[in-house]
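Here are a few friendly notes to read alongside the model. They cover a pocket, a helix pair and a salt bridge.

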Amino acid sequence: MKEKIRISGFADEISADFDVQLKTVTDLGMHYISLRSADGIGVADYTPDLVKEKLLPRLKAAGVGVSSLGSPIGKVDIKDEAGFQKQLAQLKTLCEIAHLLDCRYIRMFSFYMPKDEDPADYRTQVIDKLRQFIAVAEENDVVLLHENEKEIYGDTGARCLDLMQTLGSPVFRSAFDFANFVQCGQDTEVCWDMLQPYIEYIHIKDAVHVHNENVLCGTGEGKIQKLLTRAIEQEGYEGFLTLEPHLVLFDTLKTLETADTANIIRENKAKDGAEAYGMQYHALCRILDSIH
């Protein structure tokens, strides 16, 4: 079963420089990345022509494929109509980019909720806007991966399940992020039980709830080893495990989180992004080696 598991990762945690990203992952023996940003440009800000000119030749030369586009789609305030319309247009372009890169998946989110308000009050708007994203995905034959990010509507297992059941689309699936559930005070095993039929993709990121700090995978409260063992040995999970180390303060982190980054990475746990990425890769390999 393990031979059908492929390791990928958000390589922009290594460096903003795309060549450095590719060298680091290939030196580790990896053959996939999740493309979130390259050369300091977020994937949603690329055009298809720019991808063809600047990224595709380098990916091919390195022998590296793209497992998913780490897009910011849905990472906008639920009340921001202009932001939503901009992202709707970006999603159409991202679908073109996905096809260019022979990539099936686009990672996305379910909108930031206003602080100190009940997310349930915004459920109707969330569902309506996600349906518009899904319509674009259906037209373009790509799969949207909903990540359970902190502070969005779908940040708890129950609300993620509600989205999956309500929207009921084969192009809207779950990207399971252990650390984000921990940081939202959720039990990852309970969340896994809820979402297992919808899990299409897994992020390898761990955390401890105290200080919401990210830690090396397998050393936090995400129950990564237990749940990966179950997924692979009992449930037949096949597909990507995508490294998202969050072990050093990397260049693009400030654009990815709304909270103070010190709450996520309290101190660098490696000398640089490349070392941190390698640490996470080897820790995951040790977990996989323990699985029969």
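1. The lining of the second largest pocket is made up of 10 nonpolar, 5 polar and 7 charged residues (Ala, Val, Leu, Ile, Met, Phe, Trp, Tyr, Cys and Pro count as nonpolar, Asp, Glu, Lys and Arg as charged, the others, Gly among them, as polar). Its space comes to about 340 Å³. Of the 22 lining residues, Arg-6, Tyr-105, Glu-238, Gly-239 and Phe-240 are closest to the centre. Strand 5 (65–70), strand 9 (199–204) and strand 12 (239–243) each give two or more residues to this lining, with strand 5 giving the most, 3 residues.

2. Please bear in mind that this is a predicted model, where local features need pLDDT of at least 70, side-chain atom pairs count only at pLDDT 80 or more, and totals for chains, interfaces and linings use all residues. Residues are numbered from 1 along each chain as its sequence is written, and side-chain values use heavy atoms, without hydrogens and water.

3. Helix 5 (residues 157–167) packs against helix 7 (residues 188–195) at about 10°, the axes lying 9 Å apart. The two are therefore roughly parallel (angles under 35 degrees). Gly-157, Ala-158, Cys-160, Leu-161 and Met-164 of helix 5 meet Cys-191, Met-194 and Leu-195 of helix 7 (contact: heavy atoms within 4.5 Å). This contact has 7 nonpolar residues, 1 polar and no charged ones.

4. Lys-129 and Glu-81 form a salt bridge at 2.8 Å, N to O (side-chain nitrogen of Lys or Arg within 4 Å of a carboxyl oxygen of Asp or Glu). The pair joins helix 4 (residues 123–140), which holds Lys-129, to helix 3 (residues 81–100), which holds Glu-81, across 48 residues. The count by this rule is 26 salt bridges.

Definitions and conventions: Axes are lines fitted to C-alpha atoms, for helices over the stretch in contact, and angles run from 0 to 180 degrees between N-to-C directions. Helices (H or I, at least four residues) and strands (E, at least two) are DSSP runs, numbered from the N terminus. Angles under 35 degrees count as roughly parallel, over 145 as roughly antiparallel, 65 to 115 as roughly perpendicular and the rest as oblique. On a 1 Å grid over the protein atoms alone, a cavity is a set of points where a 1.4 Å probe fits but cannot get out, and a pocket is an open set with protein on both sides within 12 Å along at least five of seven lines; lining residues have an atom within 4 Å of a point. Grid points are joined across faces, edges and corners, and a volume is the space filled by probe spheres set on the points.
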